[in-house]
Every structure is written in C-alpha cells, then in structure tokens.
Amino acid sequence: MHNESEISFGKILPIGLMLFSFFFGAGNLIFPPVLGQLAGENLSSATIGFCLSGVGFPLLGILAMAIVRADNPDAMASPVSPLYGRIVTILCALSIGPFFAIPRTCAVSFDTGILSLLPAGWGTTALMAYSVFFFGLSYFLSVNPSKIIDNIGKVLSPLLLFCLGVLIIFVLTNPMGSLYPANGIYKNAAFFKGFQEGYNTMDLLCSLLFGSLVIKAIENQGIKDHKLLTRMVVYAGIIAAICLALIYSALSYAGAVSTEAFGIVSNGGQLLNMICVYYMGFPGQIILALIIFCACITTSIGITTSISGYFHELSKGQVSYQRLCLYISLFSLVVANFGLSNIIKFSIPVICMLYPIVIAIVILNIGQSIFHRDKVIFRACLSLTTLFALFDGLRAGGVNIRALDRVLTEYLPLFDIGFGWVFPCFGGILLGFLYRLIFSKEGK
C-alpha cells in the first residue's frame, strides 16, 4: 500500500507526460499558428481564450473526474439521468474516436509531415499506405494498456517535447517579423474567437475518457487510496496543462510573426511546414515530420485505449478490449482516407454542439461542494444548455432557421458569435437554486 510520502516527481512525471501526449495531437498543432496569424496584434487575448478552452477546461475535466472519484465518465452527468450521461459519453467517444479525431491524427500527420516529402501526384495512394502503417502501429501499442506509461510517458513524449523545443527556440531567438493588425472577428472579439478555436482541439471531449484512463493507470501502479489517487491525478493534470499552454503560446506566436514572411496561410499544416523550412531548410521538414508523427500517434493510442476500455465495460465484457481496438483502428483507417478537409468540415458542427454541454457538466461537477450533484440543478442547467448548444451546432453547420436565428441574435447575448449557450447554462443553474429555495421553504 502506498502512502502520501510516496508521491514523488519521478512517479508523477511519466503520467503527466502521458496525459500531455494524449491531449497533444492533430488539432493542437495546426490551429494555433493560424490563430496567431489572424489575431496579429490581438495575439495575447486570442491565445488566452484558446488556452482557456483548449487547456483550462480539459484540465478541469480531469480534476472533475478525480473529485467525483469515478472511473466511468457516465457518472459525470448521471444526476440528470443515467441514460443522458451515457448518451453524452457515447457521442463524445464516437466524436473523439473513429468518426473524427482519430482519423484526423492520421490525416494531419500525413498532410503536414509526409506529403511535402513526396513527388506530386502520389497523395491518394501514399495516404492509403501511410494510414495502414499508422493505424497498424497505433493498434499494436494500444492492445497492451499495462505498458502504456512506459511506451508513451517515457519514450514518445520526451521525443515530441525535444522536437518541439528545437522549433520553438528558433522562433523565439529569431522572429520572422513583427505583429500585423488583427483580421476579421479577431479585431473586436479576439478572446471569444480564440476560445471557440480551442474547441477544435477536442481536448475537453477527450478529458472525461482520459480522466478514467489516468485513474486506472495510477491504480495499476498499486495506488488505491482515494486521497492519494486524487492528488496524483491533479499533479499529472497540472504537468500536462503547463506543457500544453506553453506550446500553444509558442505556436501562436510563431504564426503571428510569420505573416510578414508568408502572408496569411489558412492551412495550419502548410504554415508549420513553411516555418520549419524557413529556419532549418530540408532538415526542418524532417523535424516537422517527427513532431507531427509523435503528436498524432500518441493521441491516437490514447483515444483508442480509452474508448476501447469504455465500450468494453459498456458491453459488460462481451466484446473484448483487443477486438474493440481493432474495430476502432480499422474504421478510423477508412475515414482517414476521405482527407483532412472533409474530416474537419463534418466535425465542426458536432464539436460546437458537444463542447458547451461538456463544459456545463464539468462546471457542475467541479462545483460539487456548491451544487451537491443536485438533480434539479443538473437537469435545469443541462436541459437549457443542450437545447441552445444544439442551435449553435446547427448554425455552425450552416443550418439556419431564419426567424429563430433573428430572434436569438437580437435577444440572446453572445448568440451571434457562437456562445448562445452561456446565459442559458448559468440561467439554468440559477433556476435550479431558486426551485430548491422555494420548495425547501414550502416544506418547512
């Protein structure tokens, strides 16, 4: 049995690096540089917004799992109803899994790290061959979860951080240019746009499943004491959050100072490639390929592992963990060959719908000492949040009910910039408190 004195940095660091590597994948690389270019002189507020949704809330998601002490993410929303909690978790699992995020890891690593090294016209065939290799390796490293800390936390994560560190040192010591004026919505709402761009990392959706994986990884080390386990989850989450925030800030800055050299480049992968070549020539392309591959394969492993474990438990052991890893890898291989642009296009409306719901779930669980997992408060908050998040998702997908859209834009604050869920979320919490206050008085 472990005691609190046995919490050592040497034990926590591999778990923190493992968690960082799970989070740091495709979207984490390609979106910050583009954000930096578009935000320009408003880089600071845009980066803060991005880090809040892309780092802060995923960290809170991990902490919420530790606070609730649940290794099953369904429990996070179970006060609404067990069915609601399960539906939300399954939707998150499919979105961060074989539908969008896992295929995106392969597509991004190919488009940004491999494609530029190939002769013209080889793209489609090469993507197919690369995806077979990528998901074969991901499957091989996922089927033995007991070795996951050694494989990722002690090997792939340090390699990833080293490669990123080389690039970041070049950028910070020799900037390509100065900051340009902000573009588009970044002129007047840089924080909110940055916050919404953080959705694209999908890290908050991952956090509930990654939280359960981290808890199990710690338990596999023989740590069963709840207080000790919670503290280790917190420390591991902080290590991952610090690494993510520093890298996002550096990548955003790299993008912001590159406008003078390259102009506005809408594809984050191409922009990263151009930055690496600018500083290091052809070796820069090789380093970028290593960065992208390490980031994407570790995320693919993390998501495949966590989702397979979740569905294995959901099936009550009737479908083996290894078989689920195989099914997820094969399905992801097929989707990856549709190409990066199509994956991103179809994922955005789903992300815009799910992200607000999971933010609300995390807030309610982090505030356990205030909300006491009260069914009335959970139901009022999540019913309203779900409804308006659905409107935001439809709007992001280009489906507009004109009359409704006009009314909500005029009367619901923040709806016009994609945050129509915020006031209903906190309004639902307030309604739940008022309901409890009124009926508790009547009962006296």
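Predicted model: local features only at pLDDT ≥ 70, side-chain atom pairs only at ≥ 80, totals over all residues.
Residues are numbered from 1 along each chain as its sequence is written, and side-chain values use heavy atoms, with hydrogens and water left out.

The largest nonpolar core contains 143 residues. A nonpolar core is here a set of buried Ala, Val, Leu, Ile, Met, Phe, Trp, Tyr and Cys residues joined through side-chain atoms within 4.5 Å. Residues are classed as buried under 20% relative accessible area, exposed over 50% and partly exposed in between (1.4 Å probe, protein chains only). Phe24, Leu29 and Ile96 have the most contacts inside this core. Helix 10 supplies the largest share of the core, 15 residues; helices (H or I, at least four residues) and strands (E, at least two) are DSSP runs, numbered from the N terminus. Contact denotes heavy atoms within 4.5 Å. When residues up to four places away in sequence are not counted, Ile96 touches Ala101, Ile102, Met202, Leu205, Cys206, Leu209, Ile303 and Ile307.

Four salt bridges are found in a search of the whole structure, a salt bridge being a side-chain nitrogen of Lys or Arg within 4 Å of a carboxyl oxygen of Asp or Glu. One of them joins Lys193 to Glu197, with the closest N and O atoms 3.4 Å apart. These two residues are separated by about one helical turn because they stand four residues apart in helix 8 (residues 190–197). Lys193 is partly exposed at 21% relative accessibility, while Glu197, at 16%, counts as buried.

A salt bridge also connects the side chains of Asp374 and Arg436, at 2.9 Å from N to O. Asp374 lies in the loop between helix 16 and helix 17 and Arg436 in helix 19, so the pair ties together parts that are 62 residues apart in sequence. Because its relative accessibility is 18%, Asp374 counts as buried; Arg436, at 36%, is partly exposed. The two side chains also make a polar contact of 2.9 Å. A polar contact is a pair of N or O atoms within 3.5 Å; within protein, one atom must be able to donate a hydrogen and the other to accept it, and residues adjacent in sequence count only if both atoms are side-chain atoms.

In a further salt bridge, the side chains of Asp405 and Arg395 meet at 2.8 Å, N to O. This pair links distant parts of the chain, with Asp405 in helix 18 (residues 402–411) and Arg395 in helix 17, 10 residues apart. Asp405 is buried at 18% relative accessibility, and Arg395 is partly exposed at 27%.

Two buried polar residues were also examined. Ser258 occupies the loop between helix 10 (226–256) and helix 11 (259–262) and counts as buried because its relative accessibility is 0%. Its side chain forms a polar contact of 3.0 Å with that of Gln37. Beyond residues up to four places away in sequence, Ser258 touches Gln37, Met176, Gly263, Leu271 and Ile275. Asn273, in helix 12 (residues 268–280), is buried with a relative accessible area of 13%. Apart from neighbours within four places in sequence, Asn273 contacts Thr112, Ser116, Gln285 and Leu288.

Ile438 belongs to helix 19 (residues 422–442) and is partly exposed at 48% relative accessibility.

Positive phi values occur in two loop residues. Lys316 has a phi of about 55° although it is not a glycine, and is placed in the loop between helix 13 (282–314) and helix 14 (321–336). With a relative accessible area of 74%, Lys316 is exposed. Leu414, also a residue other than glycine, has a positive phi near 75°. This leucine is found in the loop between helix 18 and helix 19, and Leu414 is partly exposed, with a relative accessible area of 24%.
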